[in-house]
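Welcome! Take a moment to look over the chain below, and then we can go through it together, one question at a time.

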Amino acid sequence: MPSSVEDLLRTLAPQVLGTLVRKYGDFDAAEDAVQESLLAAAQHWPQTGVPAEPRGWLVQTATRRLIDQWRSEQSRRTRESLALRQEATPKNVSGQDDTLIVLFMCCHPALTPPSAIALTLRAVGGLTTAEIASAFLVDEPTMAQRISRAKQGIKASGVPFQMPTNEERAARVRMVLHVLYLIFNEGYASSTGSEVHRTELSGEAIRLARMVHRLLPNDSEVTGLLALMLLIDARRPARTDAAGELVPLPEQDRTLWDQQTIAEGVALLNGAVGQGSVGEYQLQAAIAAVHDQARQAEDTDWPQILVLYGLLDQMTGNPIVTLNRAVAAAMAEGPAAGLALLETVDERLAGHYRLDAVRAHLLEMSGDTNAALTHYRAAARRTTSLPEQRYLATRAARLNLQADTPEQ
């Protein structure tokens, strides 16, 4: 399928779903019908050409599929079916874009993050169940069940198809951003499997973040999240070497970074100033910008990054943020400062591979080779990412070689 057709279908998918849910009120059945209409379009449009009104074509096809479902499941009387059939061929489709409403429904607080992620990729991203299952390394029936439970959760919640009230909006927008952030993170740094990143996920998160930003251009955290994604994704060409192995940030060839994407991210971040109170995504974007604007690793303004991580740590209380803050402290003030910070999260992150990995790195900086070896090996055993495992094992092997080599 040509990429132009695929991009168009992904853009139209939530709009068509919104039209059907608004009209018929059944999110579950409407979502299935929209997926069938997208599949039909993917099969026919490359041969017949994109229709003059692609959204209307999809709405009409999806509506017919929806009504066919109802006829099959409920054996409606002939006259009711005919009445519905008459409604199934609308000559004019409303130009209202319901994408944001659909996204808010998929990210309903009643759903768990994994369920919200899966449903968002399906209903808003236009990905098939098989594609989502493949991205998260689970079988298709498992993912189908997860998506089905999510749709049932929305149905059971009784949430109306409309934008949340002003009182609900802050929490709902926060959930939307959190889901997009999780999708991006899993795509940029895969937590499981053999790949360093999955561009189909990070790219989809960026596309959806752009969509939300167009709909809410004055929301500073929406702007901050989009800026963050762009500033981090700009480094992707340098994150792996020719063999596909992980290259850590200090060792990356910065000439490979996408400067145009960095410039866009910085401009968005600067534009968010004054739009509202500073939130966690803006702070993370500011940290990413400091990294991206350093021509060489040794030019990085670590004191500034340490200050920003301090603010972020105070704002979120997230122990992973404290880990990153410890690295910044080690770079700005010495490894002892970073190691002291790690002690504050030992209990909360007990058994997490990243705690061992960061501690190993700081111990290596301090010259404690034996202790660093122990923690590199522990981190390699605990991670579920094969590229991370190979990188950590390689670090341990190098230290072990140095330890076994007598001084000259």
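Q: How many Å apart are the end C-alpha atoms of helix 13 (residues 280-292)?
A: This is a predicted model, in which local features need pLDDT of at least 70, side-chain atom pairs count only at pLDDT 80 or more, and totals for chains, interfaces and linings use all residues. Residues are numbered from 1 along each chain as its sequence is written, and side-chain values use heavy atoms, with hydrogens and water left out. The expected span of a helix is 1.5 Å times one less than its number of residues, so the 13 residues of helix 13 should span 18 Å. That agrees with its end C-alpha atoms, which are apart by 18 Å.

Q: How many residues of helix 13 are buried?
A: Buried means under 20% relative accessible area, exposed means over 50%, and partly exposed is in between, using a 1.4 Å probe and protein chains only. By that rule helix 13 is mostly covered, and its buried residues number 13 of 13.

Q: How many helices does the chain have?
A: Helices are DSSP runs of H or I with at least four residues, strands are runs of E with at least two, and both are numbered from the N terminus. The secondary structure comes to 0 strands. The number of helices is 19.

Q: What share of the residues of the chain counts as buried?
A: The C-alpha atoms fill a box of roughly 95 × 45 × 40 Å along the principal axes. The chain has 408 residues. The share of them that counts as buried is 50%.

Q: Which residues is Leu180 in contact with, leaving aside its neighbours within four places in sequence?
A: Contact means heavy atoms within 4.5 Å. Leu180 is one of the residues that touch the most other members of the largest nonpolar core. Its contacts are Ala205, Leu208, Ala209, Val212, Leu225 and Met229.

Q: Is His213 buried or exposed?
A: His213 has its place in helix 10 (residues 199-215). Leaving aside neighbours within four places in sequence, His213 is in contact with Val222, Thr223, Leu226 and Leu268. Because its relative accessibility is 17%, His213 counts as buried.

Q: Which residues does Arg65 touch, not counting those up to four places away in sequence?
A: Arg65 is found in helix 3 (residues 54-74). With a relative accessible area of 28%, Arg65 is partly exposed. The residues that Arg65 touches are Ala33, Glu36 and Ala40.

Q: How far apart in space are Asn185 and Pro217, C-alpha to C-alpha?
A: Asn185 sits in helix 9 and is partly exposed, with a relative accessible area of 28%. In sequence, Asn185 and Pro217 are 32 residues apart. In space, C-alpha to C-alpha, the distance is 23 Å.

Q: Which residue follows helix 17?
A: Helix 17 (residues 353-366) has 14 residues and reaches 20 Å from its first C-alpha to its last, close to the 20 Å expected. Its buried residues include Tyr353, Asp356 and Arg359. After the helix comes a residue with a positive phi, near 95°, and this is Gly367.

Notes
A nonpolar core is a set of buried Ala, Val, Leu, Ile, Met, Phe, Trp, Tyr and Cys residues joined through side-chain atoms within 4.5 Å.
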